[in-house]
Structure formats: structure tokens, C-alpha cells
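Biologist: Hi, could you walk me through this one? I'd like to go piece by piece.

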Amino acid sequence: MAQFDFAAALRWARFDPGTTLARRPDDELSFVGDAATAGPELLLDTCVYIDGLQARAPSVVADLLKIRHANHSTVAIQELMHTVGVLDPKHPGTRMAVKQIGAVLEGMPSHRVFEPGAETAGRAAFLSGMLCRLQGYQKGNKHRALQDCILFLQAQKAGFTVLTANVADFDYLLQLVPAGRVLFYRC
């Protein structure tokens, strides 16, 4: 097992602004345009799969996934499997939803699925704690913040760009760690 470098994580995290972050205007962020363009490899946030399954994602997202390499995180796998576990087996739509999620997971090429290492997970937990403190996140949002931070730092380490519709949370992460890359879309 890889050892976590606590001292390095503390040195890395000297960017704490010590104040609540404010969501920036859209024109200061990178959004998918009207047409898909070539660019860096993507790491997909869980909302990309869900928006695709529910036919909410704009068609440009599908076009983008055709021309760029799409990578997958075990974070998204966990969140999708959590959804499967939460679904009521007695609900009439559950069987189809489980089938669709299964197809998404089985369609992920193994060479494009990435796990965060100990260093990424540890730093993400630290970043998540900072974000929760600064933004006053309560219990329900704390777990989501941790997953977002892991995905964000995992993409940064691999040189990927996160693709997400989660504008607010990833904007905050970009303010804390400007070296990260995120490409946003709206449903």
C-alpha cells in the first residue's frame, strides 16, 4: 500500500482563502460550446452518465464523447452502484434503470477506468474538509464534496479535464486549485 505524505499535503494546502467562496459568472468558466471540439482527455463526473441515461444532456456532450477520449473514475462507479442500491426494487422503473446503469458500467473499457491513489484520496479529503468548512456544507453535502474532490484531483493528476454539469461545486474547486481543468455543460 502506498504511504500517504501528510507533510506534503499540508504544504500543498497553503491556498486556504479563509473565507466563503462565491460562484463566478458563467463567462469566467469553460463551457462546452455549440459544437464539440478536440481537446484534452476527459474524466466524466457521475452526472454525465445520469444525464445521458435520462436524455437530459445536450447533444453536444454526446458529440464531444465521440471525438475525445472519455475516462472513468471508480468514484463514478461507486456513485452509480450506490444509486442501484438505493432504488426501490418494487418500483416499476427500477428494473430498467438497473439494466441501463449495468450497461454503462459494463461498457467502460478497463484501460480507461482509473482509481485514485492514497495521495489523491488523502489530499481530496483535506480539500473536501476545507470546502465544507468554507461553504458551511452540512452532512448530506459532505460526502458529495469528498467524491467531487477526489474526481477533481484525480483528473488533475492524470492531466484530464473533468466534464460535468455541476457548475457551483467545481467552480469552488477551481478557485481553490486553479491548476485543475473543468469543462461544464448545462442540461
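Modeller: Happy to! First, a definition: helices (H or I, at least four residues) and strands (E, at least two) are DSSP runs, numbered from the N terminus. This is a predicted model, where local features need pLDDT of at least 70, side-chain atom pairs count only at pLDDT 80 or more, and totals for chains, interfaces and linings use all residues. Residues are numbered from 1 along each chain as its sequence is written, and side-chain values use heavy atoms, with hydrogens and water left out.

Biologist: Thanks! Where does T37 lie?

Modeller: T37 sits in the loop between α1 (6-12) and β1. T37 is partly exposed, with a relative accessible area of 47%; buried means under 20%, exposed over 50%, and partly exposed in between (1.4 Å probe, protein chains only).

Biologist: And which residues is T37 in contact with, leaving aside neighbours within four places in sequence?

Modeller: Those are L64, I67 and R68, where contact means heavy atoms within 4.5 Å. The C-alpha atoms of T37 and V60 are separated by 9.4 Å, and these residues are 23 apart along the chain.

Biologist: Switching topic: at what angle do the axes of α4 and α5 cross?

Modeller: Roughly 160°, with the axes of α4 (residues 74-86) and α5 (residues 94-106) coming within 10 Å. Axes here are lines fitted to C-alpha atoms, for helices over the stretch in contact, and angles run from 0 to 180 degrees between N-to-C directions. That makes α4 roughly antiparallel to α5, a label for angles over 145 degrees.

Biologist: Which residues make that contact?

Modeller: From α4, I77, L80, M81, T83 and V84; from α5, V98, I101, V104 and L105. By class, that gives eight nonpolar, one polar and no charged residues. Ala, Val, Leu, Ile, Met, Phe, Trp, Tyr, Cys and Pro count as nonpolar, Asp, Glu, Lys and Arg as charged, and the others, Gly among them, as polar.

Biologist: Which residues of α4 are buried?

Modeller: T74, V75, A76, E79 and L80. Their cover includes β1 (42-44), α2 (46-53), β2 (70-73), α5, β3 (113-114) and α7 (139-158).

Biologist: How many residues of α8 are buried?

Modeller: Eight of the ten in α8 (residues 167-176), so this helix is largely enclosed by the rest of the structure. The buried residues of α8 pack against α6 (118-135), α7, β4 (161-164) and β5 (182-184).

Biologist: Last one: what is the phi of A55?

Modeller: Positive, about 55°, although A55 is not a glycine. Most residues other than glycine have a negative phi. A55 is found in the loop between α2 and α3 (59-67), and is exposed, with a relative accessible area of 69%.

Note on methods. Angles under 35 degrees count as roughly parallel, over 145 as roughly antiparallel, 65 to 115 as roughly perpendicular and the rest as oblique.
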